[in-house]
Amino acid sequence: MEIQQEFTLSDELITFIDAWKEKRGNLIMILHRIQQEFGFVPRQVAIELSRRIDVPLAKIYGVLTFYHYFKQKKPGRHTLSVCTGTACYLKGAHGVIQEVENLLGVGIKESTDDGEFSVEAVRCIGCCGLSPVMTIDEEVFGGVKPDDLAEIISRYHGKS
Ligand code: FES
């Protein structure tokens, strides 16, 4: 069962929002600042923002969904990214994604219920010679085979 968490605007965030309220491009700037604070943009905060800067909630969600950078769900403690660029795709990225889904029970753009992992697909990360490539946080894994994944992922369980 998912535990509901309270997300409230800090005084510092309110000051920032008030300072940007009337400026051009304010929505993007404010959403960046919110994501910096929470790691994503909680719905509760988006609703409060809508009220504070008098911008319809639908417009805020229009921006959140247009820019992939913004996250609407709390990310896991670790981000597991599978490269789906051409070289990695040709070398079996699809099989890696399938096995990640199989092991973690979640797909691309989802997070595990225990809050440990978020799964992402990324474009070429510049290590094509090592394809297929996957990263967990800042660590790069090359020549990844589906059979290696259980062991790799187990290293990160419970690791902060
Ligand atoms: S295509 Fe995956 S690292 Fe380049």
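Two strands are said to pair if DSSP finds at least two bridges between them. In this predicted model, strand S1 (residues 78-83) and strand S4 (residues 134-136) meet that description, pairing in the antiparallel sense over three bridges, and within this pairing serine 81 has threonine 135 of S4 as its bridge partner.

S1 also pairs with strand S3 (residues 117-122), here in the parallel sense and over six bridges. Along this pairing leucine 80 stands opposite valine 119 in S3, while valine 82 stands opposite alanine 121 in S3.

These pairings belong to an open sheet of five strands, whose order is S2-S3-S1-S4-S5 and whose pairing is mixed. Its edges are formed by strand S2 (110-111) and strand S5 (139-141), each of which pairs on one side only. Helix H6 (residues 93-104) packs on this sheet, where it touches S1, S3 and S4, and the direction of H6 makes about 150° with that of S1.

For helix H2 (residues 26-38) and helix H4 (residues 57-66), the axes come within 11 Å and cross at roughly 70°. Because angles of 65 to 115 degrees count as roughly perpendicular, H2 and H4 are therefore described as roughly perpendicular to each other, and their crossing is right-handed. On the H2 side the contact is made by Leu27, Ile28 and Leu31, and on the H4 side by Ile60, Val63 and Leu64. Sorted by class, this contact of H2 with H4 has six nonpolar residues, with no polar and no charged ones.

Definitions and conventions
Residues numbered from 1 in each chain as written. Predicted model: local features only at pLDDT ≥ 70, side-chain atom pairs only at ≥ 80, totals over all residues. Axes fitted to C-alpha atoms, helices over the stretch in contact; angles between N-to-C directions. Helix = DSSP H or I, 4+ residues; strand = E, 2+ residues; numbered from the N terminus. Parallel < 35°, antiparallel > 145°, perpendicular 65-115°, else oblique. Left-handed = near helix turned anticlockwise from the far one by under 90°. Contact = placed C-beta atoms within 7 Å. Nonpolar A, V, L, I, M, F, W, Y, C, P; charged D, E, K, R; others polar.
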